Amino acid sequence: MAETWLIAGLGNPGRQYEGTRHSIGQLVIDELVHRAGGRLTSTKARAVAAVERVGARGGVPGPRAVLVKPLTYMNVSGPPIAQLAKFYSVPPERVVAIHDDVDLPFEAIRLKLGGGEGGHNGLRSLTQALGTKDYLRLRAGVGRPPGRMDTADFVLQRFSAGEQQTLPIFVGELADALEELLADGLEATQQRWHSR
């Protein structure tokens, strides 16, 4: 059977958090589900998910992937993701967390395997739940807070009016990078997106 991936978009549940910097991973999941013509449905794991073929090329279907949006708050988003990874027999090295990163400028895209959590509560929760740091991360740059604004307050805000004009393009590029990661591997995808 072909290898299955699990792609998790980190964020907070509820309408008040939709479109905030902290929930950009969930916007990417929505884009991937839309491209696949699928639909997210409820699971027993406190998450919504869709099992789809991701990133068709030249008429050939892409790999099978479980696209996941946890319904828990960011700081406890790991257990639902780990539960679904176990259910679908997806090992940590084929789990991809899509998340906001304040250490990258807005619209920057970076990919890596493993490493620290950089103070990100969603990654910390996922590391604990999976029992390893060795999963893939698709890092979406959201920029630094202005002045002395607290980082936690900044990431819970919606994107600025200027950022919202290019946000759909950015989300589309993140989805492109995810599709390339699954098709071409980490190193080739890093070379393409890190050199932009």
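Two strands are taken to pair if DSSP finds at least two bridges between them, and strands themselves are DSSP runs of E spanning at least two residues, numbered from the N terminus. In this predicted model, G9 stands opposite I98 in β5. Strand β1, covering residues 4-9, and strand β5, covering residues 95-101, run parallel and are joined by four bridges.

Helix α1, formed by residues 24-36, packs on the sheet, where it touches β1, β3 (47-53), β4 (64-70), β5 and β7 (136-141), and its direction makes about 140° with that of β4. Helix α2, formed by residues 78-87, also packs on the sheet, touching β1, β3, β4 and β5, with a direction that makes about 165° with that of β1.

The sheet to which these strands belong is open and has seven strands, in the order β2-β3-β4-β1-β5-β7-β6, with mixed pairing. Its edge strands are β2 (41-42) and β6 (109-113), each of which pairs on one side only.

Taken along the sequence, the chain follows the pattern β-α-β-β-β-α-β-β-α-β-α-α-α, which comes to six helices and seven strands. The radius of gyration is 15 Å, close to the 16 Å that the globule rule gives for 196 residues, so the chain is as compact as a globular protein of that length. Buried residues make up 51% of the 196 residues, and among contacts between residues at least 6 apart in sequence, 69% join residues at least 24 apart. The chain exposes about 9400 Å², of which carbon and sulfur atoms supply 49%.

Note on methods. Residues numbered from 1 in each chain as written. Predicted model: local features only at pLDDT ≥ 70, side-chain atom pairs only at ≥ 80, totals over all residues. Heavy atoms only, no water. Contact = heavy atoms within 4.5 Å. Axes fitted to C-alpha atoms, helices over the stretch in contact; angles between N-to-C directions. Rg over C-alpha atoms; globule rule 2.2 N^0.38 Å. Buried < 20%, exposed > 50% of the residue type's maximum accessible area, 1.4 Å probe, protein only. Areas by Shrake-Rupley, 256 points an atom, 1.4 Å probe, with all protein chains shown as cover.
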